[in-house]
Amino acid sequence: MSSLLIRGSQVVFPDGVRTCNVLVRDGRIADTDASPDAAADEIVDAKGLHLMPGVVDDQVHFRDPGLTHKEDLATASRACAAGGVTTFLEMPNTVPPAVTCDGIRAKEALAAEKSLVNYGFYIGATPDNVDELKAASDANFPGIKIFIGSSTGNLLVDQQEALERIFAETDLPICAHCEDESTVNANRAKYADTTDVRDHSRIRDESAALIATRRSIDLSVRHQHRFHVLHVSTAAEVPLIRGQQPWITAEVCPHHLFFNVDDYQRLGTRIQMNPSIKTAADNDGLWKALLDGDVQVIATDHAPHTLDEKSVAYPKSPSGLPAVENSLALMLNQVSQDRCRLTDVASWMCDAPARVWGITGKGRIENGYDADLVLVDMALSQTILDQHQHTKSRWSPWHGVTTTGWPIATFVAGHRVWSRRDGFDVNHRGQKPLFDHARGGFWATTDGIGPR
């Protein structure tokens, strides 16, 4: 048993920000209105700081196992902690692909050895592993990931018969990479000789995203199967998503909010992503969708490659960028510019993803919830620099950008895993959460997912 008192902070609750003293006992929030003199083993004087729920990043690629020259669960979880991310959900396209329950358990064992923060792993769909996906419903996994486009081998599932079976016969919530492979291939043939990275957004164009998103939503609604649209990249997808409760939720990533095709000239392959970066009008449309509630979640799609790999001439350069340690700071900067509120950021990055995936005890600062917390200095300005990144890839597409509002300490189950002053506690390990899908997902948990 241990206790922690965070005293005098501006606490970000779902309905507003209030000065409170938060008492933590044995890894959970015991009192959000504690006495400033409450007894505790550790006392943090947080006057002038804001206390937020820890970020839940529901879409990351941490490359472990098989691609650990780019990233591994130790380096990635340190990047998470420095960025205020206390729980991550990782995708199955590792080597080997995580397409069996045993494969997921092997990744969980790796995380138990290496990760400073909490972890969960999606099981990947293939054209012929429906039996494994059905068995996964009893294994406490977050969900099923389908690559409808932008993958190869068994992880590519774009045949209608296979998709129908997955949506009809499985129980776990589903998410998907929505780009139509036929459209992408047809566009690629038009630009077969290109070496211009700007053509990446012409190959992976708006229509590729629209076709696959429309197809997935149709499957979800017909089969009444909860579905989460990953990394929405176009404003044109928003009307497809809007009003599809209780089956559909969606997310957007920082690179689709902050970069557009005009940035290729400056950043080149550093912003080469799948789905591709789109237009300034899409930036505006995605921001509006967030503020209107049509898109519920912000996640990173953190997918690092080495700078040497990214520096290869297009089209041999790989798609993907690191983002997990800067995503919260980028959004806090938007608060400092009055584009959104702290309560919005906490909803998009903490509460909503916990509710989408049924992660009990996460996403809010409430009595009984897990003490996954991040202290934020909203007056702190800092420049993002490649050499300061904790990801193994050691670069950021936001290199040189100065933002205001930064995490200064991160707590997992009430334990300080990182602080700006003291660095990392590399001896701490996160845990696998409880994914309680019976609570009904995002639309059924308007008052929060609740404690376990």
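Just after helix α13, D338 takes a positive phi of about 65 degrees, helices (H or I, at least four residues) and strands (E, at least two) being DSSP runs numbered from the N terminus. This is a predicted model, in which local features need pLDDT of at least 70 and side-chain atom pairs count only at pLDDT 80 or more, while totals for chains, interfaces and linings use all residues. Residues are numbered from 1 along each chain as its sequence is written, and side-chain values use heavy atoms, with hydrogens and water left out.

**Confidence**
- The protein averages a pLDDT (the predictor's confidence in each residue, from 0 to 100) of 97, and 100% of the residues score at least 70.
- Confidence is lowest in helix α5 (residues 181-190), with a mean of 96, and highest in strand β7 (residues 85-90), at 99.

**Helix α13**
- Helix α13 spans residues 327-336 and is mostly covered, since nine of its 10 residues are buried (under 20% relative accessible area with a 1.4 Å probe, protein chains only).
- The buried residues of α13 include S327, N333 and Q334, together with L328, L330 and V335.

- Not counting residues up to four places away in sequence, I146 touches A125, V157, L163, I166, F167, I174, C175, A176 and H177, contact meaning heavy atoms within 4.5 Å.

- One cavity of 30 Å³ or more is counted, a cavity being a set of points on a 1 Å grid over the protein atoms alone where a 1.4 Å probe fits but cannot get out, with lining residues having an atom within 4 Å of a point.
- The largest cavity has a volume of about 80 Å³, where grid points are joined across faces, edges and corners and the volume is the space filled by probe spheres set on the points.
- Its lining consists of 14 residues, and R226, F227, W247, T249 and V356 lie nearest the centre of the largest cavity.
- Strands β12 (227-229) and β13 (248-252) each supply at least two residues of that lining.
- T249 lies in strand β13 and is buried, with a relative accessible area of 7%.
- Leaving aside neighbours within four places in sequence, T249 is in contact with F227, H228, V229, Q296, V356, F442 and W443.

Note on methods: 1 Å grid on protein atoms, 1.4 Å probe; cavity = no way out; pocket = protein on both sides within 12 Å on 5 of 7 lines; lining within 4 Å. Buried < 20%, exposed > 50% of the residue type's maximum accessible area, 1.4 Å probe, protein only.
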